[in-house]
Amino acid sequence: MSKQSASAVVELPMADAVCCTPLSEAALSAEQAKDLAPAFKALGDPVRLQLLSQIASAPSGEVCVCDLTPAYNLTGPTISHHLKVLREAGLIDCERRGTWVYYWAIPGRMAALAHVLT
């Protein structure tokens, strides 16, 4: 079975590393704030925060969209939109396998967000 990407790859400068000094130690630069803001904005929605939590805490490290959708009283397209926002913010990534898409969290991006808040 071939592995095809479900979406275009989003290149983010801090996807794999901690980027910034904690806010309590130094002010963010304009560039750092511009990089971090979309991820924090994505997490400002309760559904997206729950989705990220489900994905990040999955025992296997990834979750099929077929397992995410039933947990919400939302349509499939709405769930897809929320997943797209999380993906574009660099918090998750995905891969299409047959008819299903599997999602996993990007630990480096989440670590960078946590680090800047410490």
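This report walks through the fold, the sheet, a helix pair and the core of one protein.

**Overall layout**

The model is predicted. The protein has 5 helices and 3 strands. Read from the N terminus, its elements follow the order α-α-β-α-α-β-β-α. The chain holds 118 residues, and 36% of them are buried. Take the contacts between residues at least 6 apart in sequence: 63% of these join residues at least 24 apart.

**The sheet**

Strands of a sheet pair through backbone hydrogen bonds, either parallel or antiparallel. Here the 3 strands form an open sheet with the order 1-3-2, and the pairing is antiparallel. Strand 1 (63–64) and strand 2 lie at the edges, and each pairs on one side only. Strand 2 and strand 3 are joined by 6 bridges. In one of the pairings, Glu95 has Tyr102 of strand 3 as its bridge partner. Helix 4 packs on this sheet and touches strand 2 and strand 3. The direction of helix 4 makes about 120 degrees with that of strand 2.

**Two crossing helices**

Two packed helices are described by the angle between their axes and the distance between the axes. For helix 2 (residues 46–56) and helix 4 (residues 76–88), the axes come within 10 Å and cross at roughly 75 degrees. Angles of 65 to 115 degrees count as roughly perpendicular, and helix 2 and helix 4 are therefore roughly perpendicular to each other. The table lists the residues that make the contact.

| Helix | Contact residues |
|---|---|
| Helix 2 | Val47, Arg48, Leu51, Leu52, Ile55 |
| Helix 4 | His81, His82, Leu83, Val85, Leu86 |

By class, this contact has 7 nonpolar, 2 polar and 1 charged residues.

**The core**

In soluble globular proteins, nonpolar side chains tend to be buried together. Which residues touch the most other members of the largest nonpolar core? They are Leu83, Leu91 and Tyr103, out of 26 residues in that core. Several elements give two or more residues to the core: helix 1 (30–42), helix 2, helix 3 (65–68), helix 4, strand 2 (92–97), strand 3 (100–105) and helix 5 (107–117).

Tyr103 is then in contact with residues including Ile55, Val63, Leu68, Leu83 and Ile92. Its other partners include Gly61, Glu62, Arg87, Asp93 and Cys94.

Technical notes:
Residues numbered from 1 in each chain as written. Predicted model: local features only at pLDDT ≥ 70, side-chain atom pairs only at ≥ 80, totals over all residues. Heavy atoms only, no water. Axes fitted to C-alpha atoms, helices over the stretch in contact; angles between N-to-C directions. Helix = DSSP H or I, 4+ residues; strand = E, 2+ residues; numbered from the N terminus. Parallel < 35°, antiparallel > 145°, perpendicular 65-115°, else oblique. Contact = heavy atoms within 4.5 Å. Nonpolar A, V, L, I, M, F, W, Y, C, P; charged D, E, K, R; others polar. Core = buried A, V, L, I, M, F, W, Y, C linked by side-chain atoms within 4.5 Å. Buried < 20%, exposed > 50% of the residue type's maximum accessible area, 1.4 Å probe, protein only. Pairing = 2+ DSSP bridges. Lists of a residue's contacts leave out its neighbours within four places in sequence.
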